[in-house]
Every structure is written in C-alpha cells, then in structure tokens.
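Colleague: I am new to this structure. Could you walk me through how to read it, one feature at a time?

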Amino acid sequence: MAAANSSSSSSSPDFQDYLPLMANKLGGDGLIGELCNGFNLLMDREKGVITFESLKKNSALLGLQDLTDDDLRSMMKEGDFDGDGALNQMEFCVLMFRLSPELMEASQFLVEEAFEQEFNDFH
C-alpha cells in the first residue's frame, strides 16, 4: 500500500481500489463488519465518534498516514451530515461508500434488493 500512497495524488483512490475488492471477497455483511472495525479503530473512545484528532492519530492504522491535515479535514467535512464536527458510525460507513463510486453502484442494487425483500416479508 505504501507504493500507492507515494504518488502525488490524493489517497482516496485507495478506497476505490480496495473497497470493491473487499465487498466481493467478504459479501455485504462482511464488508459492513469490516467498516465497523475501521470505525472502531479511528474513533475517539471517550466520545464514541471519529473526531479530527482521533482520525489524525489513528489514520496510519488504515494506511492513511500520508493524508495531509487538509485532506483529513475534507474527509471529515464530506462525511459529517449532521454538522456536529465528528463522524458517527453511519456517517463513516456512508463516507466510505461515497469514496468508492463502484461500490455506490453496487450498493444501489443491494438496497433495492433489501427493500424488495423487506416489502415481501411485510406482506
């Protein structure tokens, strides 16, 4: 992974390269489990959310050590839907999918399939 981070471009393509591979290998439930593990690695233990400080402190655990403070702030801002300055688990998972367009396309199918199954179970 170090070679991919040595380029002058942003590290977000790493997610685009590895997240779809993980999804194919682990399946939907396994991928969600891994995203939860990633969230747990990055979160501030006292607050239960990912803060800029916890992201910066723990980013090397996910191979993101080459991201600048501005890159990390941009990630936080992009994922912070409720505007509280931190990422909860749902915001983190959504951000990871948003950083991977290929997964977004696949996840739309999975969401539609889940809704259809839920509808069938309901009736």
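Colleague: Let me start with the fold. In what order do the elements of the protein run from the N terminus on?

Modeller: One note before that: this is a predicted model. From the N terminus on, the order is α-α-α-α-α-α. The count comes to six helices and zero strands.

Colleague: How much of the protein counts as buried?

Modeller: Of its 123 residues, 33% count as buried. The accessible surface comes to about 8000 Å². Carbon and sulfur atoms hold 55% of that surface.

Colleague: What share of the contacts joins residues 24 or more positions apart?

Modeller: Take the contacts with a separation of 6 or more. Residues 24 or more positions apart account for 43% of them.

Colleague: Now the inside. Which residues have the most contacts inside the largest nonpolar core?

Modeller: The general idea comes first. In soluble globular proteins, nonpolar side chains tend to be buried together. Here the largest nonpolar core has 19 residues. Those with the most contacts inside it are Ile50, Leu55, Met75, Phe92, Leu95 and Met96.

Colleague: Which elements give two or more residues to this core?

Modeller: Four helices do: H2 (12–42), H3 (52–58), H4 (69–79) and H5 (89–98). H5 gives the most, with five residues.

Colleague: How do H4 and H5 pack?

Modeller: Two packed helices are described by the angle between their axes and the distance between the axes. For H4 and H5, the angle is about 110° and the axes are 9 Å apart. An angle from 65 to 115 degrees counts as roughly perpendicular, so H4 is roughly perpendicular to H5.

Colleague: Which residues meet where H4 and H5 touch?

Modeller: From H4 come Met75, Glu78 and Gly79. They meet Glu91, Leu95, Met96 and Arg98 of H5. The residues of this contact divide into three nonpolar, one polar and three charged.

Colleague: Where is the place of Leu99?

Modeller: Leu99 is in the loop between H5 and helix H6 (101–122). Its relative accessibility is 10%, so Leu99 counts as buried. The C-alpha atoms of Leu99 and Met75 are separated by 9.4 Å. Along the chain, these two are 24 residues apart.

Colleague: One last residue. Why does Arg73 count as partly exposed?

Modeller: Arg73 lies in helix H4. Partly exposed is the range between buried, under 20%, and exposed, over 50%. Arg73 has 43% relative accessibility, so it counts as partly exposed. Its C-alpha atom and that of Thr51 are separated by 9.7 Å.

Note on methods. Residues numbered from 1 in each chain as written. Predicted model: local features only at pLDDT ≥ 70, side-chain atom pairs only at ≥ 80, totals over all residues. Heavy atoms only, no water. Buried < 20%, exposed > 50% of the residue type's maximum accessible area, 1.4 Å probe, protein only. Contact = heavy atoms within 4.5 Å. Areas by Shrake-Rupley, 256 points an atom, 1.4 Å probe, with all protein chains shown as cover. Core = buried A, V, L, I, M, F, W, Y, C linked by side-chain atoms within 4.5 Å. Axes fitted to C-alpha atoms, helices over the stretch in contact; angles between N-to-C directions. Parallel < 35°, antiparallel > 145°, perpendicular 65-115°, else oblique. Nonpolar A, V, L, I, M, F, W, Y, C, P; charged D, E, K, R; others polar.
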